[in-house]
Amino acid sequence: MRVSARFSGIGTTIFTQMSALAAKTGAVNLGQGFPDTDGPPGMLAAAAAAIEGGRNQYPPLDGLPELKTAVAAERVRRFGMAYDVDSEIVVTAGATEAITAALLGLCDPGDEVILFEPYYDSYAASVAMAGARHRSVPLRPIDGRFTFDPDDLRRAVGPRTRVLVLNSPHNPTGKVFDRAELDLIAAVCREHDLIAVTDEVYEYLTFDVAHVPLASLPGMRERTITISSAGKTFSCTGWKIGWALAPADLVVAVRKAKQFMTFAAGTPLQAAVAQALTDELDWVDGLNTRLREARDQLRTGLEKAGVSTYACDGTYFLQADVASFGHTDGLELCNDLAVRGGVVAIPTQVFYDDPASGSGLIRFAFCKRPEVLDTAVRRLSAYLGSA
């Protein structure tokens with residue numbers, strides 16, 4: 001068997017590897033970003049009712065009308081942005097499919113895509129599937145917070161640059177891009193006629209910096225594909241219900257690729273997410289509060305144990321300094337931490353083109369119950385005490 005050249009540099013995702021290590025060692029899994037509690041009971045009941053009610057066949061290619069209507073209503077309520085339900089919204093099998101379909105639908109072989117690094121690992125694979133290449137703009141920690149150099153962004157734009165991918169709130173750093181950063185990104189997109197593909201799956205889960213959609217900035221709605229999903233918002237990551245919002249001509253690009261990937265999926269789950277977007281937003285507010293408390297619980301525990309951490313303004317994720325553990329390489333630390341410390345984290349270096357650039361960072365997921373985080377903190381403290 002021979003792997004195609006475009007996948008020759010892509011191995012098994014780190015999340016699969018580290019979750020398997022957690023299962024093998026019995027370690028607390030603070031690696032893969034999934035919650036250990038269920039979403040709102042009303043949403044779960046709506047899914048069961050849809051299954052029992054016979055909604056088990058293909059939905060329309062673009063998604064159930066009630067889900068698209070709920071997505072559109074939420075954009076108006078939160079940001080005052082109107083999208084046509086019939087032509088400007090398409091439901092996908094999670095945000096990952098939406099991103100992949102967007103890149104497949106927009107890029108020709110040899111085109112270039114800008115990514116902010118570190119980047120979620122599926123992005124590079126999606127770019128490769130499209131036959132394109134990516135250029136990275138590094139996010140660097142300055143005064144404890146990740147940011148980028150405007151000149152790095154400008155230098156990343158070349159004659160074949162077609163798309164800029166923006167993930168905010170950002171995985172893996174926990175960064176929420178602020179208005180000044182977004183204004184700069186928007187200006188570069190307008191100047192160079194770039195299409196923006198925005199991954200906003202953590203849009204409800206921000207703590208200290210408000211989420212601002214790039215599409216809401218002047219001149220950006222017409223050139224932005226906004227992507228989100230139910231998985232993180234409603235703690236149902238296994239459902240894989242996502243969506244893309246964009247002008248009709250850009251939605252066509254997503255749809256053309258998406259229809260030959262999954263066509264459509266999750267009819268009863270789509271119905272339940274429509275219910276959740278309509279009736280369960282108070283539950284989401286409670287989730288935000290619980291995650292803020294979990295972030296503070298983990299960060300305080302780590303810092304009391306002597307670990308340096310970085311600002312986390314949103315998402316599930318907290319970055320920590322490898323040197324605080326007496327190590328120099330994050331992958332080496334994560335393997336040792338799982339075996340000897342009983343806690344699994346993710347080495348941030350796997351999200352970089354050059355792993356050495358991120359070898360000094362590891363990522364912890366704090367979307368866990370308080371007692372699980374307590375156990376993790378005790379184990380980490382003991383590990384550091386024995387180091």
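Predicted model: local features only at pLDDT ≥ 70, side-chain atom pairs only at ≥ 80, totals over all residues.
View 1. D193 is out in the open: it counts as exposed, at 53% relative accessible area (exposed means over 50%, buried under 20%, and partly exposed in between, using a 1.4 Å probe and protein chains only). You'll find D193 in the loop between α7 and β8 (helices are DSSP runs of H or I with at least four residues, strands are runs of E with at least two, and both are numbered from the N terminus). Residues are numbered from 1 along each chain as its sequence is written, and side-chain values use heavy atoms, with hydrogens and water left out.

**View 2. T315, another non-glycine residue with positive phi.** T315 sits in the loop between α10 and β11, and its phi is near 75°. With 0% relative accessibility, T315 counts as buried.

**View 3. The largest pocket, at about 1,000 Å³.** Of the 45 residues lining this pocket, T13, F15, Y120, D121 and S122 come closest to its centre. On a 1 Å grid over the protein atoms alone, a pocket is an open set of points where a 1.4 Å probe fits, with protein on both sides within 12 Å along at least five of seven lines, and lining residues have an atom within 4 Å of a point. Points are joined across faces, edges and corners, and the volume is the space filled by probe spheres set on them. Helix α1 gives the largest share of the lining, six residues, and α1, α4, α5 and α11 each supply at least two. By class, the lining holds 21 nonpolar, 18 polar and six charged residues (Ala, Val, Leu, Ile, Met, Phe, Trp, Tyr, Cys and Pro are nonpolar; Asp, Glu, Lys and Arg are charged; the others, Gly among them, are polar).

**View 4. Strand β2 and its partner β10.** I89 and V91 point one way from β2, V90 and T92 point the other way, and all are buried. Strands β2 and β10 run antiparallel, joined by four bridges (strands pair if DSSP finds at least two bridges between them). T92 has G242 as its bridge partner in β10.

**View 5. An open sheet of three strands, in the order β11-β14-β13.** The pairing is antiparallel. Strands β11 (317-321) and β13 (346-347) stand at the edges with a single partner strand each, so one side of each has no neighbour in the sheet. Five bridges link β11 to β14, and D321 stands opposite L361 in β14.

**View 6. G342, in the loop between α11 and β12.** G342 is buried, at 13% relative accessible area. Setting aside neighbours within four places in sequence, G342 is in contact with A27, V28, L337 and R379 (contact means heavy atoms within 4.5 Å).
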